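Good morning, and thank you for coming. Please have the sequence and the structure in view while I speak.

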Amino acid sequence: MKSEEHLRESLYLEINVNDDDDEEPSVPLRTSIVLFLLSYCRSTSFRVVLVSARPLENHVVVVPVPFSVVRPDDVPGLARGCRLPCVLDAAGTHCRAGLAVALRHVISRTAEAEAGRKDALQLLGFKKTCLKACAEVSHWTRLCELGIPSAVEEHLRNPADPSLLLPEAVLHLEKTLGEPVKVHNDDKIRRQKLRQQQQQQQQPQKKKRNDGQASEANLDLRAALAKLSVEDAAPATRERCEIRKVRTADLPPLDHVFAEGLYFTLTDVVLLPCIHHYLMWCWLSMGGIISPAHAVKRVLMISLASPSSPPPPPPGAGPPDRTTCSLQNLSAASSLSRLPLLLGWYSRVQEVPGVLAAAQACGMLLSSLPPPAPSPEVPPGNTTASTTSEALPTEVGGGESVEVQEKTVEVPFIGGPRPTMTKLKERGIEAVFSPHRGPVRTLAWESLPGAANPTEGKMSADRALRKRQQLNNLVGMVTELARPGDTIVDFCSGGGHVGLVLAHTLPDCQVILVENKEESLDKARERGRELGLPNIRFIQANLDYFTGSFHIGVALHACGVATDMVVEHCIQARAAFVVSPCCYGFVQNTVKFSFPRSKMFRETLSYKEHMVLCRFADQTEAQLPPERRHIGKQCMGLVDLDRSRCAEARGYSVRVMTMEPESCSPKNNMLVGTATTQKTTTAEEEEGAEEEEEEEVGQCAAD
């Protein structure tokens with residue numbers, strides 16, 4: 001019988017140990033964030049495992065819970081194929097990967113284990129949606145989960161780089177803290193604030209002084225902290241008549257107390273270690289005691305030193321370069337002077353019950369920073385990032401970090417899809433659909449278990465029929481490509497319609513379902529349990545957090561840019577792909593992708609003209625006039641032709657096909673790609689070889 005320790009879920013966290021034994025191990029910010037949450041929630045529901053390529057026997061690591069250490073090769077296969085942090089269930093069949101997903105799961109498990117943990121559950125915010133939207137579609141999640149941690153770590157790695165002294169992501173957070181708070185019960189809370197202000201004004205002046213400057217910020221802070229009380233809230237009372245009669249426009253605005261508004265949430269947990277490390281670097285640099293490089297070492301060691309004492313001086317620290325320190329002091333002071341709201345937030349977070357104790361248990365010594373001084377004059381050539389709106393991140397989908405899209409001057413165009421299609425036709429570019437190599441295989445649905453059949457779900461009979469027709473096309477194509485022992489990944493798997501049928505149909509293949517939405521993946525897991533399939537695994541994660549090797553990628557109706565992300569993932573793995581795009585109208589430039597995708601289309605169409613094709617590609621619904629549906633189908637074909645040419649330039653053979661029957665879906669295109677070369681292209685190699693790839697695209701277009 002397995003011990004209780006091995007029946008718990010395992011939480012895998014990354015830690016880095018340098019080759020130099022004198023160097024202390026460094027803790028990535030994502031690991032620090034998870035450890036801080038475990039400490040704050042006092043969670044004991046997980047078996048914490050630190051993943052390190054080198055042993056930690058000679059190093060001191062402060063972790064608030066019991067832990068073990070393993071090498072990367074010893075991590076179970078499903079977790080090894082995901083970016084850390086990740087949570088793996090005891091059976092090793094369900095993995096939750098990515099910072100936001102792992103943190104939300106820690107909170108949920110803590111609340112389940114202790115029914116009275118109101119403070120932990122409230123971290124998920126209103127309707128439990130805090131950081132729930134994936135980073136590919138939510139700018140806020142991307143900023144908190146990717147942008148700020150990456151920017152702070154990059155700054156700490158390159159402290160002398162003047163362009164990184166005040167990261168744009170941190171500036172964007174400062175700007176957000178200055179915006180009015182919007183909440184679901186905005187009017188009610190603003191009237192409560194008005195009543196509190198009037199009560200404060202009625203108090204004697206002497207009492208105000210004794211209470212320590214009862215400011216509006218203190219009013220908001222007290223209200224926010226009161227919500228964190230474990231006791232039940234007092235029953236709501238109706239406001240006085242004079243308060244109710246005040247016009248909404250005359251009510252006092254709500255200011256940010258915490259990152260998402262009035263209340264302490266998971267977002268604050270994520271941001272605190274990041275902002276703390278950044279502010280500590282600024283503070284230590286301003287002291288002029290140590291050099292910028294030593295300041296970074298000292299900041300990183302704060303997470304590892306004994307909680308009861310400050311970290312020792314960095315090993316081998318010699319006299320700092322006074323000139324460098326002087327310039328760095330001015331830059332650090334200038335940076336802090338431009339972050340008054342962030343400094344206020346940093347102080348308020350420390351007033352939340354349990355935060356200081358949780359941070360100390362992690363070896364993170366929070367400090368009361370002095371108020372920023374007026375910005376000193378920075379020497380020429382030592383500038384920081386601009387605070388103008390052009391320097392702030394824009395709302396774009398997908399991507400590893402918060403970046404700014406370069407503004408390009410677009411040539412104006414006239415008309416809808418017809419002029420654009422005519423322009424392409426004059427260049428010899430028309431939609432081409434490859435025929436099926438034989439009759440589309442029809443699965444024996446009557447003999448399939450009920451849990452694998454769409455008719456067993458809550459969809460209508462007509463929709464279930466069309467779903468089965470779609471699956472006939474995708475599963476049939478994957479069956480042609482698959483070989484025994486292959487790993488097949490169902491991206492954007494939803495409730496598992498494709499992946500479950502594939503796992504049942506191909507018992508000699510391993511099938512992995514990757515889906516970000518917890519509710520959808522829970523449905524797929526429940527259906528998988530009913531089927532009892534031993535060859536199926538589940539991963540709740542964004543696409544970018546899955547890094548495992550595989551042979552075939554499949555996606556049914558991947559929305560918008562998700563289609564391009566799936567194809568890119570397959571190309572990086574040199575895997576075949578069978579993808580049915582959807583929601584063409586949601587296609588837009590992102591941090592990772594720009595449109596048109598291929599050189600042939602970029603030389604012919606502007607971005608706006610390509611967007612016209614995407615918008616009209618969505619007009620294929622059955623209720624539309626036949627001519628309009630025909631134009632929509634041609635636009636779909638052109639958008640997917642652009643995608644296929646881009647993949648062909650990178651060593652793929654791609655067919656754009658139509659599902660049969662065409663009535664199975666208004667979005668009935670299917671892209672089938674197989675690698676013609678085994679060269680693996682990393683993101684860095686792709687960027688460096690962009691010009692060479694464009695030449696290859698031109699050759700493919702000429703052929």
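Glu-568 is buried, because its relative accessible area is 11%; here buried means under 20% relative accessible area, exposed over 50%, and partly exposed in between, with a 1.4 Å probe and protein chains only. This is a predicted model, in which local features need pLDDT of at least 70 and side-chain atom pairs count only at pLDDT 80 or more, while totals for chains, interfaces and linings use all residues. Residues are numbered from 1 along each chain as its sequence is written, and side-chain values use heavy atoms, with hydrogens and water left out.

What does Glu-568 form a salt bridge with? The partner is Arg-650, and the closest N and O atoms are 2.7 Å apart. The term salt bridge refers to a side-chain nitrogen of Lys or Arg within 4 Å of a carboxyl oxygen of Asp or Glu. This pair links distant parts of the chain, 82 residues apart: Glu-568 sits in helix α21 (residues 562-572), and Arg-650 in the loop between α24 (626-648) and β11 (652-658). Helices (H or I, at least four residues) and strands (E, at least two) are DSSP runs, numbered from the N terminus. Arg-650 also counts as buried, because its relative accessibility is 8%.

A further salt bridge joins the side chains of Asp-618 and Lys-667, at 3.8 Å from N to O. Asp-618 lies in the loop between α23 (607-617) and α24, and Lys-667 in the loop between β11 and β12 (669-675), so this pair ties together parts that are 49 residues apart in sequence.

At 19% relative accessibility, Gln-619 counts as buried. Leaving aside residues up to four places away in sequence, Gln-619 touches Leu-624, Arg-628, Arg-629 and Gly-632; a contact means heavy atoms within 4.5 Å.

Let us turn to a pair within one helix. The side chains of Arg-466 and Asp-462 meet in a salt bridge of 3.3 Å, N to O. Because these two residues are four apart in helix α18 (residues 461-481), about one helical turn separates them. An α-helix has 3.6 residues a turn, so residues three or four places apart point the same way. Arg-466 itself is partly exposed, at 27% relative accessibility. In total, how many salt bridges does the structure hold? It holds 19, and a network of them links Glu-9, Arg-96, Arg-109 and Glu-112.

Next comes helix α4 (residues 99-113). Its 15 residues reach 21 Å from the first C-alpha to the last, close to the 21 Å expected at 1.5 Å a residue; the expected span is 1.5 Å times one less than the number of residues. The helix is mostly covered, with eleven of its 15 residues buried, among them Leu-99, Val-106 and Ile-107.

Now the strands. Strand β2 (residues 46-51) is mostly covered, five of its six residues being buried. Strand β1 (residues 9-14) pairs with β2 in the parallel sense over six bridges; two strands pair if DSSP finds at least two bridges between them. Ser-10, for example, has Arg-47 in β2 as its bridge partner. Strand β3 (residues 67-70) runs parallel to β2, joined by four bridges, and the partner of Val-48 in β3 is Phe-67.

Some backbone details follow. Most residues other than glycine have a negative phi, and most peptide bonds are trans. A cis peptide bond joins Leu-84 and Pro-85, with omega about 5°, and another cis bond joins Phe-595 and Pro-596, with omega about -5°. Arg-42, in the loop between α2 (29-41) and β2, has a positive phi near 55°. Lys-127 has a positive phi near 60° and is exposed, at 66%.

Finally, I turn to confidence. The mean pLDDT of the chain is 79, and 69% of its residues reach 70 or more; pLDDT is the predictor's confidence in each residue, from 0 to 100. Over residues 208-214 the pLDDT is below 50, and this stretch has eight contacts in the model beyond near neighbours in sequence. Residues 288-327 also stay under 50, and for them the model has 75 contacts beyond four places in sequence.
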